[in-house]
Amino acid sequence: MQNVETVSGTGIPLLLDDIDTDRIIPARFLRCVTFDGIGEHAFEDDRQQDPNHPFNQARFQNSGILVSGRNFGCGSSREHAPQSLMRWGIKAVVAESFAEIFFGNCTALGIPAVCASREGITRLGAVIDADPTLELTLDLNALTLRYGEESVAVTMPDSARSALTTGLWDSLAQLLARKEDIAATAARLPYLNNYAAS
Amino acid sequence: MSQNQNLFNKVWDLHSVGTLQSGQTQLFIGQHLIHEVTSPQAFEMLRERQLTVLHPERTLATVDHIIPTQNQARPFLDVLAEDMMSAIEKNCREFGIELLDLDDKRQGIVHVVGPELGLTQPGLTMACGDSHTSTHGAFGAIAFGIGTSQVAYVMATQTLAMMRPKVRKIEVNGELAPGVFAKDVTLYIIQKLGVQGGVGYAYEYAGTTFDSMSMEERMTVCNMAIEGGARCGYINPDQTTVDYLRGRPLCPQGAEFDRAAEWWLSLASGPDAEFDDVVVFDAADIEPTVTWGITPAQSLGVSQLIPSVASYDASEHTLIREALQYMGLDEGQSIEGTKIDVAFVGSCTNSRISDLREAAAIARGRHVADGVKALVVPGSQQVAKQAEEEGLDKIFTEAGFQWRAAGCSMCLAMNPDKLQGREVCASSSNRNFKGRQGSPTGRTLLMSPAMVVAAAISGSVTDVRKMLEPALV
Ligand code: SF4
């Protein structure tokens, strides 16, 4: 897997709290057996109700770094949510905080989801709005989001950060590597051994 | 096992395969549950990487999310839904996984069938590509909702990579007043701690209120742990747990059951168990609870007034205004009397037999108000059968409710059961997010099944306590 150390792109601000996964990708678009084509439905209902939704605005169409508020991605475990953002073009998400399953799903797809302070988020929203062509660079080693001469500090749990920077974000290979340890664990579980071990 | 370990940490340690380079634990998953929506891409991943399912016998599949609850003839009218059905049928056949298909009398919502078959047991680690997997915690299992990539990981390795969460004990003590149910308790906790209050935590629900709950009530509580942001929720196994499981088809039998029960009870957090945080509530403070907004924390007691924007922290004002505007409600307004268009009794939160009994007790001898569309959707075929044996279906249909086939239905409206336009739905489900019930502008008020029936009958949100038998009040 590829090391994810820096992500660069222009920003798209969606400065709301508690954006849930039903809003990111409404359930009717989960009627699919592949993730193909799911990107075009990101925020579909919100976009229809609000012509000014950032995902509708021409100036943000090529953006790669999504900036949002508190508890981003709460609700369902559907990986369709980060999949739709990724396929729409989002390469990193900066928010005040994340719901845990969503965060884990992002990491599993190699999408950094990093936190910034409310003040930092507000500042980012303002600079992106003022200049949608402004290039932002998320640096996972320095834990900063840089733009021009300035930067905003970001945070990320170490485990996720190192998984991304060392290219181990798809944990399947690591999990597969421990066949014997898995068998040894199974061998000591009472419920797999007629409860004899208890 | 150390005396002062809580159940969560005992079960976690027992299932730890080792520590990964990232610092995450590789955790063995004792039971995997899958359904038609979040599994097809995972099976595709296995095919691409030429992997097999390591423990097909520790994996059970069912169909629930997209199932039509009226016309179930195959092929389904919805071509996309039919594709998903054929995909899970083919995948389960190819990978050797048992599937509770529509023609199997055990089919139903994944979080209803696991417990009723006795598959959900104390001390298990469980995973399912569905956030409400926390339901299984009612048995003292550690149960995680996971994404599709992780579904593939569990299939291939029977393990997950996870960080150990902290554990918060939420203690509720005292008796619930008549008309107050497990749903009200779980909504109340979320209202108090917020939708992200649980981030980074597993929730242990303890105290006399949970001690005296039935297993089905405990499932309702744990089901919504995820709505409070927690990674999972659980209740310590006790005699109620053991009694519920005895004799269930997928449980050990005979002497093996007794050995199992002894182990299960030994897992409970002891009196000296340590927690990262403890919160205490009083059951006497809880009344029938209804959501007024677009997150499960935006709720209030039915007798209260919708809070003013100013009463919230300044950082929440935008969100509160957005919620009020979307719902068409005003601050300071009473929630009681809010007109409804649709009433839905169902979902993995509240579609078990005790929920239907509680709903039927209010519906009996009354009639749904003119212009209200009311649905009862049992959680599984077995629940439906039991309800029909008890005549509950008749009570519902005579009262003007539609009696449907088992599935998720209007909880997330991936099947034909959907709100239209800005309809308002009194719902016993778990999410009131914008557009959740199938109409992008539809509105959801979460409440207990009894409160849903009370609303259906009055045509507007009503305090169910006014409809209880006088003897009970
Ligand atoms: S009933 Fe609703 S919450 Fe439960 S599994 Fe089905 S869709 Fe998910």
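Predicted model: local features only at pLDDT ≥ 70, side-chain atom pairs only at ≥ 80, totals over all residues.
Visitor: How many residues of helix 11 of chain B are buried, and which are they?

Guide: As a general idea, an α-helix has 3.6 residues a turn, so residues three or four places apart point the same way. In this structure, helix 11 of chain B, residues 317-327, is mostly covered, with eight of its eleven residues buried. The buried residues are B:His317, B:Leu319, B:Ile320, B:Glu322, B:Ala323, B:Leu324, B:Tyr326 and B:Met327.

Visitor: What covers the buried residues of helix 11 of chain B?

Guide: Both chains contribute to the cover, which includes helix 1 (21-24) and helix 2 (44-49) of chain A, as well as strand 19 (443-446) of chain B.

Visitor: What is the area buried between chain B and chain A?

Guide: The size of an interface is often given as the accessible area lost when the parts come together. Here about 5,600 Å² is buried between chain B and chain A, and carbon and sulfur atoms give 59% of that area. The contact involves 80 residues from chain B and 59 residues from chain A.

Visitor: How many salt bridges and how many residue pairs in polar contact are counted between chain B and chain A?

Guide: Five salt bridges are counted between the two chains. One salt bridge joins the side chains of A:Arg70 and B:Glu316, at 4.0 Å from N to O. The polar contacts between chain B and chain A amount to 24 residue pairs. On the side of chain B that touches chain A, helix 5 (residues 148-157) of chain B gives the most, with six residues. By class, that side has 35 nonpolar, 31 polar and 14 charged residues.

Methods. Residues numbered from 1 in each chain as written. Chains lettered and ligands numbered in written order. Heavy atoms only, no water. Contact = heavy atoms within 4.5 Å. Buried area = accessible area lost by both parts, 1.4 Å probe. Polar contact = N/O pair within 3.5 Å; in protein donor to acceptor, adjacent residues only side chain to side chain. Helix = DSSP H or I, 4+ residues; strand = E, 2+ residues; numbered from the N terminus. Nonpolar A, V, L, I, M, F, W, Y, C, P; charged D, E, K, R; others polar. Buried < 20%, exposed > 50% of the residue type's maximum accessible area, 1.4 Å probe, protein only.
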